[in-house]
Amino acid sequence: MDELRREVCALHAELPRNRLVAWTSGNLSARAGDAMVIKPSGVPYPELTPESMVVCDLYGDPVEGSLAPSSDAATHGYVYRALPDVGAIVHTHSPYATAWAIRGEPIPCVMTAMADEFGGEIPVAPFALIGDEEIGRLIVETLAEHRSRAVLMRSHGVFTLGETPRDAVKRAVMCEDAARTVHLARMLGPLEPLPAGDVDALYDRYQNVYGQH
Ligand SMILES: [Zn+2]
């Protein structure tokens with residue numbers, strides 16, 4: 001558990017470094033068996049330490065640590081309970097992705113990097129208030145129909161899921177990058193989605209062949 005606290009704390013630094021969060025917004029959690037390690041609520045990123053990370057059960061109730069967990073803890077817990085293959089979750093209000101979320105528009109799959117990483121569009125889940133499991137339920141429901149492990153929450157921000165904390169952080173960075181680039185392309189004129197067969201081929205290659213094996 002100490003090792004996981006260290007890893008989750010260290011990866012939190014990637015969120016401000018990649019300009020995905022402002023002030024104390026956003027959070028990262030990682031599953032640890034039938035518990036999770038998550039950011040404490042309202043603590044600025046430079047002040048986070050491994051000891052300040054909160055251990056919660058999968059209903060978002062703290063079991064270790066003296067600080068209150070992120071207000072999204074119940075949502076993270078819901079996703080871990082519903083999706084056993086998910087090992088980590090990142091939440092941000094990164095500006096370009098959130099702009100699409102405010103519009104309630106999915107980010108269309110119009111470039112190879114999106115097909116690679118997300119296997120199609122990045123969908124939008126309906127609006128929900130923060131604080132209980134409702135956001136978690138909508139994340140699971142919306143992603144059930146998509147290969148994407150990133151989802152925009154209407155008028156709110158982004159959640160990304162990963163097998164490991166690093167996967168989930170990478171997806172948060174890639175989602176913001178895609179949101180920005182597709183936004184710029186749309187300013188230049190109408191967009192044309194990639195053909196489904198090409199998306200499938202790109203996704204398959206990236207997931208199974210690309211990188212060091
Ligand atoms: Zn939020």
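Which residues does Ile-89 touch, not counting residues up to four places away in sequence? In this predicted model, the partners of Ile-89 are Asn-27, Leu-28, Ser-29, His-76, Val-79, Tyr-80, Phe-159, Thr-160, Leu-161 and Ala-168.

**The nonpolar cores**

Ile-89 belongs to the largest nonpolar core, a set of 23 residues. Several elements each supply at least two of the core residues: strand 2 (35–38), strand 3 (54–57), helix 3 (73–82), helix 6 (134–143), strand 7 (150–153) and strand 8 (157–162). Helix 6 gives the largest share, five residues. There is also a second, separate core of 21 residues, with Leu-4, Val-8, Val-55 and Val-169 among its members. As background, nonpolar side chains tend to be buried together in soluble globular proteins.

**The zinc site**

Now let's turn to the metal. The zinc ion has His-91, His-93 and His-156 as its protein donors, each through NE2, at 2.0 to 2.1 Å. Along the chain, these donor residues follow the spacing H-x1-H-x62-H. His-91 sits in strand 5 (residues 88–92), while His-156 is in the loop between strand 7 and strand 8, so this pair ties together parts that are 65 residues apart in sequence.

Are these two histidines buried or exposed? Both fall under the 20% cut-off for buried, as the table shows.

| Residue | Relative accessible area | State |
|---|---|---|
| His-91 | 1% | buried |
| His-156 | 10% | buried |

Methods. Residues numbered from 1 in each chain as written. Predicted model: local features only at pLDDT ≥ 70, side-chain atom pairs only at ≥ 80, totals over all residues. Heavy atoms only, no water. Core = buried A, V, L, I, M, F, W, Y, C linked by side-chain atoms within 4.5 Å. Buried < 20%, exposed > 50% of the residue type's maximum accessible area, 1.4 Å probe, protein only. Helix = DSSP H or I, 4+ residues; strand = E, 2+ residues; numbered from the N terminus. Contact = heavy atoms within 4.5 Å. Donors = N, O, S within 2.8 Å, 3.2 Å for Na, K, Ca; no water.
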